[in-house]
Amino acid sequence: MADITHPPMEQLQDLEYCIDSNPPWAETILLAFQNYILMLGTSVMIPSMLVPAMGGSSGDKAQVIQTLLFVAGINTLLQALFGTRLPAVVGGSFAYVIPIAHIISDSSLQRINDPHERFLQTMRAIQGALIVASSIQIVLGYSQVWGLFSRFFSPLGMAPVVGLVGLGLIQQGFPASTGAYKAASRLAIATPPPAYVLSRGIGWQGIGILLDGLYGTGTGSTVSVENAGLLGLTRVGSRRVVQISAGFMIFFSTLGKFGAVFASIPFPIFAALYCVLFGLVAAVGISFLQFTNMNSMRNLIITGLTLFLGISVPQFFSQYWTSSHHGPVHTNAGWFNAFLNTIFSSPATVGLIVAVFLDNTLEVERSKKDRGMPWWVKFRTFRGDNRNEEFYTLPFNLNRFFPPT
């Protein structure tokens with residue numbers, strides 16, 4: 001039998017359009033509309049869960065859905081133009097449901113008898129919390145701290161994390177967004193975003209959460225994993241498609257009747273799509289293992305333990321919440337409970353903690369080649385690969401004022 005070899009490939013070869021190439025206008029508009037329709041699932045589900053618990057009416061829920069779509073359109077445009085510049089859709093995140101549930105159940109708010117007044121006061125409390133929370137990502141991003149931390153990532157560390165982003169429906173802020181950025185870059189035939197670009201993206205994501213708080217979306221923002229999967233399903237990674245999709249979000253959010261028609265699509269249809277799209281993103285994450293030595297017992301242990309703990313720990317926290325209506329961490333400090341319960345309910349966050357810790361402590365010096373570092377090291381800095389300038393340079397010649405560091 002002839003030898004069968006599949007050499008590692010930095011970029012996928014069977015996609016039709018990359019990040020800087022654009023389909024014909026008719027196809028572009030159709031694909032942009034697909035991204036908008038896919039965004040509706042999360043945009044409808046989150047307000048449907050939270051608004052009734054806040055005391056809001058059907059009218060309040062419709063208004064929150066429209067607000068969430070409007071801000072998602074703005075955040076997606078900001079991210080595609082000035083953030084990572086990847087074709088990544090930014091929308092509402094389930095990660096904020098647990099801390100928001102703590103705010104909703106606050107005794108001072110529950111004592112308000114008038115449902116509409118309780119809804120207004122609860123929304124104001126959530127808005128204040130989101131505005132404060134946005135400062136964390138803004139500081140981590142624009143101070144370059146997150147970029148410096150990302151230099152500890154290797155293909156071995158990122159592969160299971162991106163895989164868990166695809167397998168986990170609960171998305172947790174910047175860890176999940178980092179994994180989604182890696183997946184989107186691969187599906188858009190771009191180089192992995194260097195540390196500087198990741199920091200820039202997380203900083204703009206913090207601005208996005210600030211806008212969520214100011215407008216009153218009822219939840220924070222993160223990169224939409226399902227829309228990243230759609231890049232692979234359509235084999236089109238064009239940035240223009242996502243930018244036009246953001247225009248659809250803004251346009252239809254101002255026309256409530258049209259939005260209501262699209263929002264009436266049954267959830268089982270979205271669930272069927274998620275099965276394909278989340279699975280595709282998970283597979284893209286696992287594909288990073290091609291740059292590592294998977295005949296190494298060290299690497300097998302790290303990958304296996306990361307995947308197992310990344311799935312089982314959040315599942316335990318989720319089941320505990322369902323049965324007890326509070327997380328396993330249940331002290332007198334509500335903020336402390338919400339913080340830890342949210343972190344350990346996220347597959348991507350748990351996976352990131354386990355993968356990065358083990359990958360940077362177990363036989364590090366002896367395993368540089370096995371970890372895939374000879375391939376990965378050139379993507380750590382903006383100048384490490386000549387293609388980065390093509391994919392990630394800011395528009396309107398803004399790199400003169402914000403040079404890559």
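The legends below describe close-up views of a predicted model.

**View 1. The salt bridge between Asp-20 and Arg-239.** The side chains of Asp-20 and Arg-239 meet in a salt bridge, with an N to O distance of 3.0 Å. Asp-20 lies in the segment before α1 (25-50) and Arg-239 lies in helix α11, so the pair ties together parts that are 219 residues apart in sequence.

View 2. Among the pairs is that of Lys-368 and Glu-365, whose side chains meet at 3.6 Å, N to O; Lys-368 counts as partly exposed at 43% relative accessibility, while Glu-365 counts as exposed at 61%. In another salt bridge, the side chains of Glu-389 and Arg-383 meet at 4.0 Å, N to O, with Glu-389 partly exposed at a relative accessible area of 48% and Arg-383 exposed at 59% relative accessibility. Arg-298, Asp-359 and Arg-371 are linked in a network of salt bridges.

View 3. Cys-275, by contrast, is exposed, with a relative accessible area of 61%.

**View 4. Phe-248 and Cys-275.** Phe-248 has its place in helix α11 (residues 239-253) and counts as buried at 18% relative accessibility, because the cut-off for a buried residue is under 20%. The C-alpha atoms of Phe-248 and Cys-275 are separated by 25 Å, and the two residues are 27 residues apart along the chain.

View 5. Cys-18 counts as partly exposed at 22% relative accessibility, and Cys-275 is exposed at 61%. A disulfide is a covalent bond between the sulfur atoms of two cysteines; in this model the count comes to 0 disulfides.

**View 6. A nonpolar surface patch.** Ile-131, Leu-214 and Tyr-215 form a nonpolar patch on the surface, and together they have about 290 Å² of accessible area. Leu-214 has its place in helix α9 (residues 195-215), and at 52% relative accessibility Leu-214 counts as exposed.

Conventions:
Residues are numbered from 1 along each chain as its sequence is written. This is a predicted model: local features need pLDDT of at least 70, side-chain atom pairs count only at pLDDT 80 or more; totals for chains, interfaces and linings use all residues. Side-chain values use heavy atoms; hydrogens and water are left out. Patches are made of residues with over 30% relative accessible area and no salt bridge: like charges are joined within 9 Å, nonpolar side chains (Val, Leu, Ile, Met, Phe, Trp, Tyr) within 5 Å. Accessible areas come from the Shrake-Rupley method with a 1.4 Å probe; for residues, only the protein chains shown count as cover. Helices (H or I, at least four residues) and strands (E, at least two) are DSSP runs, numbered from the N terminus. Buried means under 20% relative accessible area, exposed over 50%, partly exposed in between (1.4 Å probe, protein chains only). A disulfide is a pair of cysteine sulfur atoms within 2.5 Å.
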